[in-house]
Amino acid sequence: MRKKIVAGNWKMNKNLEEGQALASEVKHMAEDELSGDVQLIMCTPFIHLSTLKGLLKGSAIGLGAQNCSEHESGAYTGETSVDMLKSVGVEYVILGHSERREYFNESNELLAKKLDTTLKSQLTPIFCCGEPLEIREKEEQNKYVQQQIEESLFHLSAEEVSKVVIAYEPIWAIGTGKTASAEQAQEMHAVIRKQLEGKYGKEVADSISILYGGSVKPANAKEIFAGEDVDGGLIGGASLKSRDFIDIAKSF
Ligand code: PEP
């Protein structure tokens, strides 16, 4: 059975006080309303992680970062290492979000290194992939996403790749209010799983959680999550509202 996951990506939102209030609301609502078969994760700004780890103590909610350095330590001003993340109790790290690819020039090759560093430290990477609008319009999205996966993931062993969570996030659906249809999401997730099967075999491919991200809201989550290969969501905007985030998690 694959893990069902609903992960929130707060991006660069919420100061510490606001972040504490949001995390506390989510924690209490999750305790009251969720059965425990969905893994909730909050990926917050670095600066909040240590405080939020304390706040989430005793809860099953996972804590994640939104990026990390590919280097283990050293003279990399402004960077955050996996060891630092581990030392404050972080368990997950988003890698290759389209905003990092676009604004910080993160390439498939760099992400391959970040995956290595992350897996070595036993953090769970949430690896994002997804095509821009012009690629979708040319109907080349499968090839595009397969290349991202091949270039960043395929150097990993079967054991390593089994520890990766994949998030398919079509760029044209992120923060735009435009969602991929449930069919488009399922279709791409099946393409990704087939590709993983070709390289690592069916057992490994079937064990990897593939999340959909791109304007998931309480109103559309149920339909999207119904896809056979859709194992949950990576949620941006709606993760900033406790009610919406929890309602999305209840959509399974
Ligand atoms: C995201 O940034 O990963 C995302 C899916 O954002 P949104 O839900 O706001 O589209």
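**Close-up 1. Cys-128 is a buried cysteine.** In this predicted model, Cys-128 has a relative accessible area of 1%, so this residue counts as buried. Its closest cysteine sulfur belongs to Cys-129 and sits 7.5 Å away, too far for a bond. With a disulfide taken as two cysteine sulfurs within 2.5 Å, a search of the whole structure finds zero of them. Cys-68 likewise takes part in no disulfide, and the nearest cysteine sulfur, in Cys-43, is 12 Å from it. Cys-68 has 1% relative accessibility and also counts as buried.

**Close-up 2. The ligand sits among 14 residues.** The closest of these neighbours are Lys-11, His-97, Glu-169, Gly-175 and Ser-215. Sorted by class, the shell holds eight polar, four nonpolar and two charged residues. Look for the oxygen atoms of the ligand here: a polar side-chain atom of Lys-11 comes to 2.6 Å from a ligand oxygen. From the backbone, a polar atom of Gly-236 lies 2.8 Å from an oxygen of the ligand, and a backbone N or O atom of Gly-237 is 2.8 Å from a ligand oxygen. On its own the ligand has 300 Å² of accessible area, and the protein covers 97% of that.

**Close-up 3. Helix H12 is largely enclosed by the rest of the structure.** This helix runs over residues 242–249, and six of its eight residues are buried, which is why it can be called largely enclosed. The buried ones are Ser-242, Asp-244, Phe-245, Ile-246, Ile-248 and Ala-249.

**Close-up 4. Lys-14 and Glu-139 have positive phi values.** As background for this view, most residues other than glycine have a negative phi. Lys-14, found in the loop between S1 and H1, has a phi near 80 degrees. Glu-139 occupies the loop between helix H6 (133–137) and helix H7 (141–153), and its phi is near 60 degrees. Are these residues buried or exposed? Lys-14 is partly exposed, at 30% relative accessibility, whereas Glu-139 is exposed, with a relative accessible area of 68%.

Definitions and conventions. Residues numbered from 1 in each chain as written. Predicted model: local features only at pLDDT ≥ 70, side-chain atom pairs only at ≥ 80, totals over all residues. Heavy atoms only, no water. Near = heavy atom within 4 Å. Polar contact = N/O pair within 3.5 Å; in protein donor to acceptor, adjacent residues only side chain to side chain. Areas by Shrake-Rupley, 256 points an atom, 1.4 Å probe, with all protein chains shown as cover. Nonpolar A, V, L, I, M, F, W, Y, C, P; charged D, E, K, R; others polar. Buried < 20%, exposed > 50% of the residue type's maximum accessible area, 1.4 Å probe, protein only. Helix = DSSP H or I, 4+ residues; strand = E, 2+ residues; numbered from the N terminus.
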